[in-house]
6 protein chains.
Amino acid sequence: MLGLPKGSLEESTIALFAKAGWKITKSSRSYKPSIDDDELDGRFVRAQEISRYVEQGFFDCGLTGYDWILENSSDVVEVCDLIYSKATALKSRWVICVKEDSEIKTVKDLEGKRVATELMNVTKKFLQDNGVNADVEFSWGATEVKVPDLVDAIADITETGSSLRANNLRIIDTMLYTNTKLIANKKAWEDPAKRAKIESIALLLQSALDAGTKVGLKMNLPKANLAKVIAELPALRKPTVSQLSDPAWVAVETIVEEKVVRDLVPVLKANEAEGIVEYPLNKVIA
Amino acid sequence: MLGLPKGSLEESTIALFAKAGWKITKSSRSYKPSIDDDELDGRFVRAQEISRYVEQGFFDCGLTGYDWILENSSDVVEVCDLIYSKATALKSRWVICVKEDSEIKTVKDLEGKRVATELMNVTKKFLQDNGVNADVEFSWGATEVKVPDLVDAIADITETGSSLRANNLRIIDTMLYTNTKLIANKKAWEDPAKRAKIESIALLLQSALDAGTKVGLKMNLPKANLAKVIAELPALRKPTVSQLSDPAWVAVETIVEEKVVRDLVPVLKANEAEGIVEYPLNKVIA
Amino acid sequence: MLGLPKGSLEESTIALFAKAGWKITKSSRSYKPSIDDDELDGRFVRAQEISRYVEQGFFDCGLTGYDWILENSSDVVEVCDLIYSKATALKSRWVICVKEDSEIKTVKDLEGKRVATELMNVTKKFLQDNGVNADVEFSWGATEVKVPDLVDAIADITETGSSLRANNLRIIDTMLYTNTKLIANKKAWEDPAKRAKIESIALLLQSALDAGTKVGLKMNLPKANLAKVIAELPALRKPTVSQLSDPAWVAVETIVEEKVVRDLVPVLKANEAEGIVEYPLNKVIA
Amino acid sequence: MLGLPKGSLEESTIALFAKAGWKITKSSRSYKPSIDDDELDGRFVRAQEISRYVEQGFFDCGLTGYDWILENSSDVVEVCDLIYSKATALKSRWVICVKEDSEIKTVKDLEGKRVATELMNVTKKFLQDNGVNADVEFSWGATEVKVPDLVDAIADITETGSSLRANNLRIIDTMLYTNTKLIANKKAWEDPAKRAKIESIALLLQSALDAGTKVGLKMNLPKANLAKVIAELPALRKPTVSQLSDPAWVAVETIVEEKVVRDLVPVLKANEAEGIVEYPLNKVIA
Amino acid sequence: MLGLPKGSLEESTIALFAKAGWKITKSSRSYKPSIDDDELDGRFVRAQEISRYVEQGFFDCGLTGYDWILENSSDVVEVCDLIYSKATALKSRWVICVKEDSEIKTVKDLEGKRVATELMNVTKKFLQDNGVNADVEFSWGATEVKVPDLVDAIADITETGSSLRANNLRIIDTMLYTNTKLIANKKAWEDPAKRAKIESIALLLQSALDAGTKVGLKMNLPKANLAKVIAELPALRKPTVSQLSDPAWVAVETIVEEKVVRDLVPVLKANEAEGIVEYPLNKVIA
Amino acid sequence: MLGLPKGSLEESTIALFAKAGWKITKSSRSYKPSIDDDELDGRFVRAQEISRYVEQGFFDCGLTGYDWILENSSDVVEVCDLIYSKATALKSRWVICVKEDSEIKTVKDLEGKRVATELMNVTKKFLQDNGVNADVEFSWGATEVKVPDLVDAIADITETGSSLRANNLRIIDTMLYTNTKLIANKKAWEDPAKRAKIESIALLLQSALDAGTKVGLKMNLPKANLAKVIAELPALRKPTVSQLSDPAWVAVETIVEEKVVRDLVPVLKANEAEGIVEYPLNKVIA
């Protein structure tokens with residue numbers, strides 16, 4: 001059984017599996033989606049709970065955040081990172097924040113203060129590791145508005161920091177970097193059939209994620225310029241080169257990061273490349 | 001300072017205060033609304049946390065559910081009930097449910113089982129009071145789908161039971177009936193100025209709620225039939241009667257439950273009432 | 001049992017019953033709403049079918065259009081008209097239309113032609129009554145676009161004619177004026193208890209509809225001017241007049257069409273009326 | 001002919017006329033709405049242009065802002081103010097703003113600078129009146145983002161200043177306070193029939209606006225307390241008092257600002273008022 | 001002229017033609033879309049009516065369901081199946097249903113009962129073929145809620161049966177499997193130019209549909225492993241193999257069902273395939 | 001700095017840059033988007049103002065319409081056309097229109113008339129060039145409804161003319177054809193580094209636009225038929241031909257207009273092409 005994160009990651013998880021080749025169909029009112037693979041039986045539960053149920057063996061594997069694996073101290077196999085559904089290329093992190101004009105400057109200054117957070121255990125351990133004695137209280141949400149009226153500091157998740165800035169908060173320390181992971185139950189991982197299936201899911205999810213930032217590029221090139229182009233453009237990596245009917249020309253095809261195409265094209269044109277086209281990809285197998 | 005429930009009750013709370021005579025204007029990105037009353041300073045926080053902050057004195061008073069007052073064991077003054085934002089006239093209650101075809105029939109059968117709930121303390125106490133030893137785990141949401149795959153039973157809130165039925169759940173016991181309350185901090189309640197203000201808020205919120213189910217009814221009636229009509233229709237209660245210019249007729253005006261009008265009208269017409277009109281009300285002061 | 005029209009009239013029917021004093025709560029996925037009156041059990045079905053089920057006795061009464069009563073040749077009691085959910089004060093009517101530049105000028109010119117309509121029986125009878133032999137075919141919708149490619153004429157419903165004009169159609173004749181009616185099964189109508197209930201529904205639905213176009217108007221008036229004002233303003237009808245504490249003044253209160261207030265006010269002011277206010281009504285019992 | 005403001009005020013203008021007693025029905029694709037009054041023929045055009053067309057006599061009267069009357073130097077009759085469609089009770093004003101950290105402190109510092117605005121003529125005149133020589137350029141919109149990259153200062157409209165603060169702008173001066181007005185063409189105003197109609201429109205629009213902030217309040221009061229209550233509560237103004245059948249009691253009814261009810265109620269209760277109810281109003285004729 | 005289904009299939013039909021290479025632009029208020037092909041003139045009408053108009057020759061061809069071809073007994077050419085706009089891979093079918101707890105078990109038990117359906121003729125014929133005499137009545141919609149109050153059974157369309165289950169209905173028999181078809185008028189089909197056009201439309205619509213479930217797959221493979229891979233993976237069918245510049249490697253490219261990629265990839269990797277990428281397709285010509 | 005058009009072109013401009021390889025991320029409340037290219041700093045301003053700021057050197061380059069370059073008489077470099085965000089393949093144009101039944105037939109008949117337009121300078125110059133003396137007034141919007149009540153004619157922009165027809169307007173002359181252009185400041189254009197960057201932007205924006213109407217087409221072909229196919233199908237242009245492992249077959253790949261595929265496919269099949277597939281493109285470098 002496969003644990004899938006319900007809530008903010010739900011739609012992007014379904015989209016990712018679709019690109020990887022599995023159609024997950026939600027049924028209304030039920031947490032049991034249908035998946036077009038007889039070997040897979042999925043359940044949507046909160047990301048916060050998935051590592052618990054994977055550890056206990058209710059799920060063989062699941063997708064959840066590294067933060068909640070730590071919070072639950074779950075003893076599971078971390079199969080691979082799956083970095084998706086983020087606005088930017090920055091990593092998400094849990095930070096400790098105070099009001100911009102607070103006198104609290106470092107984690108040490110939290111001694112004897114009140115801290116609100118959704119990530120109770122991680123926060124308590126972080127303070128303890130820093131030798132700080134503080135009152136940590138559970139926050140049911142909207143944590144970022146609680147300073148300074150209700151608490152002195154908060155521990156919250158952020159990516160770009162824009163929500164923190166909008167609330168006039170200042171980061172004093174980072175507790176943790178986190179991202180989504182595919183995790184597995186330890187027993188399931190020892191079972192060869194289950195492990196092969198989990199590895200196959202990992203491979204295809206990653207190939208779908210890779211295809212999101214990569215594109216195919218093909219062009220015809222005078223054979224004479226081939227070596228020079230490849231030397232000048234390391235981004236082309238190991239292109240597939242095939243002879244065209246015209247003996248003076250070769251067809252060159254490769255996979256590149258979409259971002260670099262805008263820099264490659266002027267160089268390729270300068271080297272007499274013709275018929276340059278970029279096309280989209282569904283999967284790129286590493 | 002006044003604690004207001006953020007989330008599902010947010011809009012209906014703002015609407016209730018508007019009917020009572022206070023305009024609460026939310027500012028984007030902030031939990032600090034503006035209120036057109038210099039004596040009131042509001043904060044939107046989760047209903048789960050309000051009783052805690054009222055008890056600790058961060059808020060003088062607040063609106064929250066009876067369930068969360070119990071869950072937090074908060075020592076506060078319960079000023080009045082405020083029954084709003086409900087689809088039906090039924091009371092909400094926290095119930096223990098199992099799958100329809102489960103062998104668990106009573107709370108006693110939960111011995112040694114796993115129960116998921118958002119209301120940890122109340123549930124633990126309820127089981128203990130029933131002499132039952134069970135494993136209670138915190139549920140981050142979507143609790144109703146967890147039986148029977150992940151837990152044996154759940155403790156969840158319900159009004160009509162329709163969501164439970166849709167998930168094929170059977171109620172085995174009721175732990176608690178609950179509704180929204182206005183609560184006050186004990187010190188604030190002893191301060192005469194604060195108490196007067198809190199009582200005034202209670203009075204006007206209740207008068208606005210009352211006006212939601214009541215209407216004004218007026219008509220002209222032959223003086224000769226007045227006594228008979230009042231005797232026949234206790235729902236009219238103490239009507240305001242005034243003499244019309246025509247000495248044979250009186251004007252009768254009263255406030256009644258909107259629901260009974262459909263039954264009153266035929267009787268009034270049978271007693272020669274004329275010009276019967278029903279009009280809406282904003283407030284009805286008890 | 002009460003037949004309620006599903007579809008375009010559904011929401012306005014629920015709103016009308018709410019104003020009349022009955023709360024109809026739709027349940028998703030079911031045509032069986034709950035009504036807060038133990039004596040009423042409703043069913044939502046298509047307006048086209050209601051008269052059929054009322055005639056057959058499945059429903060004691062129902063709301064449907066006069067057009068579909070005729071189309072189904074249903075033998076039912078027409079209790080009262082209920083004119084609601086219309087953009088204008090015009091009556092809806094079924095008309096025969098042709099393309100603006102068609103050579104067909106009158107119904108007689110339809111001899112041997114093709115006519116599309118949703119109202120087959122009424123259309124066939126209308127043509128027959130006019131001595132015309134034409135091919136009438138059932139239209140599943142979007143009837144107004146079928147001329148001239150697929151048929152020569154159509155019989156369709158219209159209120160202001162704007163949809164017809166937008167399709168460059170010209171009306172050549174009117175078959176029928178129609179509006180919503182409350183109808184009753186003949187046997188149910190003979191049963192005194194059922195009839196009393198149906199008449200009570202009729203009375204309250206009509207009083208709610210009346211309140212939609214009427215308002216309450218009250219003012220204080222010098223006693224000396226009272227007779228003159230009433231003589232000048234027949235729209236005031238029979239006002240309720242009561243003596244104020246000041247012997248020179250009376251309070252005057254009446255129900256008028258909302259539309260005439262804009263004309264009454266200048267005359268009232270010219271007659272020294274003071275404190276003129278207009279207030280909304282929920283019900284006006286005829 | 002009546003000029004109505006197209007755009008942001010369009011819906012609230014239609015709503016205001018509806019409360020005043022005129023139903024304005026927009027036709028799609030046309031600026032010529034239908035109005036249910038044979039004496040009125042409306043046109044929706046931009047608020048910026050209405051005073052121009054009223055002055056030229058294309059419209060007899062119209063609704064537009066005071067700012068655009070000035071901008072167009074239109075020679076028209078200002079019939080009355082109509083304060084509606086605003087979030088707060090503050091007046092809108094046109095202000096000159098610079099970036100918060102700009103060295104420009106007063107309008108004098110704009111000498112030789114670039115100023116962007118939609119209100120070209122008013123801005124030029126304001127600068128000239130202050131003896132300042134600056135380059136004023138027309139802004140097609142989004143004026144507040146142009147400082148400091150494209151211009152040194154802007155002249156823009158604001159109510160609460162929140163959009164200015166969000167763009168880190170500082171107000172250095174106020175050019176003009178503005179609100180919506182009903183204006184009339186000078187010739188039309190001299191024509192008695194047209195003037196009577198325009199005055200009647202003004203009266204009813206204002207009575208509808210007044211009804212938005214006022215409510216009706218009624219109660220029964222021991223006759224003995226009447227004088228005291230009226231003395232204590234000037235907000236009650238001149239209430240309508242009528243004798244009830246019970247000689248010891250009077251019915252008191254009055255119109256008050258909705259805002260004061262929350263303060264009146266405790267005093268009224270202290271004076272033994274019974275059956276206090278507040279009801280909504282459609283129109284309050286001044 | 002081409003008949004296109006108005007209503008639930010409208011948007012997906014336009015999308016299908018777009019993928020096939022024709023841009024259909026709807027004009028508001030008209031059923032006559034513009035198509036960027038001088039040889040095609042389309043009309044949107046209800047799917048229920050299309051086969052009628054194709055048979056009568058108003059349309060040369062059209063898209064409609066097999067069910068309505070049968071219902072109308074239309075004598076037309078069925079050019080090809082077009083299976084689109086469905087949630088699942090299951091075929092839609094018309095079934096006869098009763099309430100779950102009904103005593104009716106087989107079609108034989110319908111003798112003397114009432115059956116409601118939108119598909120009158122097919123249902124009557126089906127009952128007759130089964131030797132059953134029952135009362136079949138036309139249902140204007142919401143057929144599934146009519147049992148058991150108004151009728152004993154219904155004949156309705158279903159794909160997954162989930163709507164039937166939600167209404168507690170039990171299927172007792174299947175009358176008909178159905179899907180969308182391209183149909184042609186018999187005379188048009190005999191006209192070589194029209195037939196060529198219709199066949200070309202059929203070919204391109206099908207190639208667009210095929211591209212929806214298929215993808216391109218390419219990789220580089222050690223020449224030595226080519227034969228083995230092709231033998232092991234019949235899903236690769238006839239791949240396009242070309243020699244790369246490096247004589248030990250070939251480029252392999254093929255079109256496969258998107259669904260099988262998740263199973264192919266592990267095998268390909270095991271055979272030393274490199275640079276495996278999957279890319280999307282617009283059309284796959286059979 | 002790069003000027004980007006705020007408003008109706010905003011989203012399609014962001015989408016175009018995304019296809020070209022630049023991610024533009026709007027920040028709320030600011031006109032300063034972030035772009036993932038350190039060499040680019042963008043600003044969103046109204047299209048009407050961009051040429052002004054490019055000419056003045058506030059922006060090095062920008063996207064705006066040819067019409068506003070002319071209206072502002074901006075002295076800038078027109079780098080390339082960028083034809084996007086249009087419903088049809090027709091060019092947008094500014095036309096002079098009158099009411100359908102107007103006596104004005106040609107631009108000459110505008111002598112002494114009133115003309116409303118948003119494009120004041122172009123209109124004045126056009127009339128002057130035609131020797132016409134007319135009163136041109138600035139229109140703040142909804143220009144097409146102003147004839148004939150407020151002005152005699154208008155100068156407005158149109159693509160298909162459908163909005164004009166809907167307002168019963170007749171075009172009497174065309175002032176100008178227009179489309180979006182990439183423009184550059186003259187000084188920036190002389191700076192080699194800036195010019196190279198601007199040319200690179202132009203190249204990639206155009207390649208992204210080209211990819212919107214083009215597709216990749218590949219197939220296997222008997223070598224024997226290759227010459228014939230290329231001769232018959234000039235749309236195939238210069239295909240990339242490579243030898244397959246089977247010596248009798250070649251792989252043919254080319255880029256064609258998506259529109260012609262529907263005509264190519266039947267011819268290709270007639271020439272024994274196999275495995276014809278069409279695939280989408282992101283960029284086609286000219």
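**Before starting**
I remind myself that this is a predicted model.

**Entry 1: the sheet in chain C**
I looked up how the strands line up. I found an open sheet of five strands in chain C, running in the order β9-β8-β10-β7-β11. I noted that the pairing in this sheet is mixed. Which strands stand at the edges? They are β9 (135–138) and β11 (169–178) of chain C. Each has a single partner strand, so one side of each is left without a neighbour in the sheet. I also wrote down the twist, which averages 25° from one strand to the next.

**Entry 2: one pair of strands**
Next I picked out β8 of chain C, residues 114–117, and followed how this strand pairs with β9(C). The two run in the parallel sense, and I noted four bridges between them. For one residue I looked up the partner: R114(C) is bridged to D135(C), which lies in β9(C).

**Entry 3: D37 in chain A**
I then moved to chain A. Where is D37(A)? I found D37(A) in the loop between β3 (34–35) and β4 (42–46) of that chain. Is D37(A) buried or exposed? Its relative accessible area is 7%, which is under the 20% cut-off, so I put D37(A) down as buried.

**Entry 4: what D37(A) touches**
I checked its side chain next. It reaches the backbone nitrogen of E39(A) at 2.9 Å. The side chain of D37(A) also makes a polar contact of 2.7 Å with the side chain of K197(A). Leaving aside neighbours within four places in sequence, I listed W22(A), K197(A) and R262(E) as residues in contact with D37(A).

Terms used:
Residues are numbered from 1 along each chain as its sequence is written. Chains are lettered from A and ligands numbered from 1 in the order in which they are written. This is a predicted model: local features need pLDDT of at least 70, side-chain atom pairs count only at pLDDT 80 or more; totals for chains, interfaces and linings use all residues. Side-chain values use heavy atoms; hydrogens and water are left out. Two strands pair if DSSP finds at least two bridges between them. Axes are lines fitted to C-alpha atoms, for helices over the stretch in contact, and angles run from 0 to 180 degrees between N-to-C directions. Buried means under 20% relative accessible area, exposed over 50%, partly exposed in between (1.4 Å probe, protein chains only). A polar contact is a pair of N or O atoms within 3.5 Å; within protein, one must be able to donate a hydrogen and the other to accept it, and residues adjacent in sequence count only if both atoms are side-chain atoms. Contact means heavy atoms within 4.5 Å.
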